[in-house]
Amino acid sequence: MAEECPMSLLEAALAVREKAYAPYSKFKVGAAVRGADGRIYAGCNVENVAYPEGTCAEAGAIALMVASGETRLSEALIVADSPLPVSPCGGCRQKLAEFGAPDTQITMTTLDGNTRTMSLAEIIPGAFGLAHMESE
């Protein structure tokens, strides 16, 4: 569910991370994106015994955002219990690029507070976009 209260991205990602379905890897991930509308949309990873048919946390957050009628995101945060900040997988980087701008900030953090923030342009340089599909 999208949050309309003043909850932070970190609070939303931490809360939804606890709901992750990760019986196989035991690696719970939470993600939250802020839509251009200011609302926070959160998602968690959902595994499936038929790897790789699971869903990443970032994809879940973006799906909720789109299902709620928003198609632009202004920032994102991903949290996991890891010694190093966990960056989005390649597919999620492309999903973030679809709905964000090159300067959109992506924060990756651990439960211990080890944090790294990068722009979408830094995390996915040369992202495939609509301009690649336009013919001259």
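1. What share of the 136 residues in the chain is made up of buried residues? In this predicted model, buried residues account for 38% of the 136 residues, and the points below describe how the chain is laid out and where some of those residues are found.

2. The chain contains four helices and five strands, and read from the N terminus these elements follow the order α-β-β-α-β-α-β-β-α. The radius of gyration is 14 Å, close to the 14 Å given by the globule rule for 136 residues, so the chain is as compact as a globular protein of that length. Along its principal axes, the C-alpha trace spans about 50 × 35 × 30 Å.

3. Of the contacts between residues at least 6 apart in sequence, 60% join residues that are at least 24 apart.

4. In general, nonpolar side chains in soluble globular proteins tend to be buried together. Here the largest nonpolar core has 20 residues, and those with the most contacts inside it are Val 33, Leu 73, Leu 96 and Ile 106. At least two residues of this core come from each of β1 (29-35), α2 (57-67), β3 (73-80), α3 (90-99), β4 (105-110) and α4 (120-123).

5. Leu 96 deserves a separate look: when its neighbours within four places in sequence are left aside, Leu 96 is in contact with Val 33, Ile 62, Leu 73, Ala 76, Pro 88, Ile 106 and Leu 120. There is also a second, separate core of 11 residues, and among its members are Leu 9, Val 16, Ala 32 and Ala 42.

6. Which residues of α2 are buried? They are Ala 57, Glu 58, Ala 59, Ala 61, Ile 62 and Met 65, and the buried residues of this helix pack against β1, β2 (40-44), β3 and α3. After α2 comes Gly 69, which has a positive phi near 100°.

7. Lys 26, in the loop between α1 (9-17) and β1, has a positive phi of about 65° although this residue is not a glycine. Is Lys 26 buried or exposed? Its relative accessibility is 63%, and because residues over 50% are classed as exposed, Lys 26 counts as exposed.

8. As for the surface, the accessible area of the chain comes to about 7500 Å², and 56% of it belongs to carbon and sulfur atoms. The chain carries 10 positive and 17 negative side chains, with the centres of the two sets lying 6 Å apart.

Key
Residues are numbered from 1 along each chain as its sequence is written. This is a predicted model: local features need pLDDT of at least 70, side-chain atom pairs count only at pLDDT 80 or more; totals for chains, interfaces and linings use all residues. Side-chain values use heavy atoms; hydrogens and water are left out. The radius of gyration is taken over C-alpha atoms; the globule rule is 2.2 Å times the number of residues to the power 0.38. Buried means under 20% relative accessible area, exposed over 50%, partly exposed in between (1.4 Å probe, protein chains only). Contact means heavy atoms within 4.5 Å. Accessible areas come from the Shrake-Rupley method with a 1.4 Å probe; for residues, only the protein chains shown count as cover. Lys and Arg count as positive and Asp and Glu as negative; His and the chain ends are not counted. The place of a charge is taken as NZ of Lys, CZ of Arg, CG of Asp or CD of Glu. A nonpolar core is a set of buried Ala, Val, Leu, Ile, Met, Phe, Trp, Tyr and Cys residues joined through side-chain atoms within 4.5 Å.
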